[in-house]
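Hi everyone, thanks for coming.

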Amino acid sequence: GAMQVANKNRETKGVTLLAIGCAVLQLALAPNVGLGNGRANFALVFTACVALSLGGRRGVVCGFLAGLFFDLSTTGPIGLMAFCLTVTSYVLGLEGRNRMAGDLANSMMLFSASALAVSFAYHLAMLLVGQASSLIDVLIFRTLPTAALSIVAFLPFAYYYARVRTSGPSLGGQGGHFSRRGL
């Protein structure tokens, strides 16, 4: 019905705005804020937001495109982050429901695991193509700082999706004060 169309349009608009925001942050902020050889990965932030809130095929497509954008905006091999983020968005989006709504801790946990996995896989591949000097470099100076910065970068997004996005009228919500816990 019209409701679904409106919903889909809102989702598309939300994803588009998120994509633009993360793209700007990736190009303008990420290169200038570093820890060791690590940089915040806003392509991953974008991917996780979409995969955790929408999931499914859209999440995977967004992950691939975000990864490709990341690859094109950095010196890494084209397709490497695209691959990493496609896999990540597939895994994060498997449940196909909004896993971020009202659950900041869960979002942060899932994202942190993703950030470590993606960062490690990416920088390990960079080592294999000769863009990192050693496994120590990969782990200590690239993977951990990249994951840490990405997790910090994700916090406001996680907060927004857990709190702000869900405060609207929810269909099939808990029904005010009468939650299942107490009454």
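This is a predicted model: local features need pLDDT of at least 70, side-chain atom pairs count only at pLDDT 80 or more; totals for chains, interfaces and linings use all residues.

Residues are numbered from 1 along each chain as its sequence is written, and side-chain values use heavy atoms, with hydrogens and water left out.

So, the overall picture. The chain has six helices and two strands; these are DSSP runs numbered from the N terminus, with helices being H or I of at least four residues and strands E of at least two. Along the sequence, the order reads α-β-β-α-α-α-α-α. The radius of gyration is 17 Å, close to the 16 Å from the globule rule for 183 residues, so the chain is as compact as a globular protein of that length. For reference, that radius is taken over C-alpha atoms, and the rule is 2.2 Å times the number of residues to the power 0.38. Along the principal axes, the C-alpha atoms fill a box of roughly 60 × 35 × 25 Å.

Of the 183 residues, 38% are buried, where buried means under 20% relative accessible area, exposed over 50%, and partly exposed in between (1.4 Å probe, protein chains only).

Now let's zoom in on serine 89, in helix H4, residues 80–92. Is this serine buried or exposed? Serine 89 counts as buried because its relative accessibility is 0%. Its side chain reaches the backbone oxygen of glycine 59 at 3.4 Å, and a polar atom of that side chain lies 3.0 Å from the backbone oxygen of threonine 86. Beyond its neighbours within four places in sequence, serine 89 is in contact (heavy atoms within 4.5 Å) with Thr47, Ala51, Gly59, Val60 and Gly63.

Lastly, let's head to the surface. A nonpolar patch there includes Leu116, Phe120 and Leu144, and the patch as a whole has about 710 Å² of accessible area. Which helix supplies the largest share? That is H6, with six residues. Helix H5 (104–128) and helix H6 (135–164) each supply at least two. Leucine 144, for one, sits in H6 and is partly exposed, at 47% relative accessible area.

Notes: A polar contact is a pair of N or O atoms within 3.5 Å; within protein, one must be able to donate a hydrogen and the other to accept it, and residues adjacent in sequence count only if both atoms are side-chain atoms. Patches are made of residues with over 30% relative accessible area and no salt bridge: like charges are joined within 9 Å, nonpolar side chains (Val, Leu, Ile, Met, Phe, Trp, Tyr) within 5 Å. Accessible areas come from the Shrake-Rupley method with a 1.4 Å probe; for residues, only the protein chains shown count as cover. A salt bridge is a side-chain nitrogen of Lys or Arg within 4 Å of a carboxyl oxygen of Asp or Glu.
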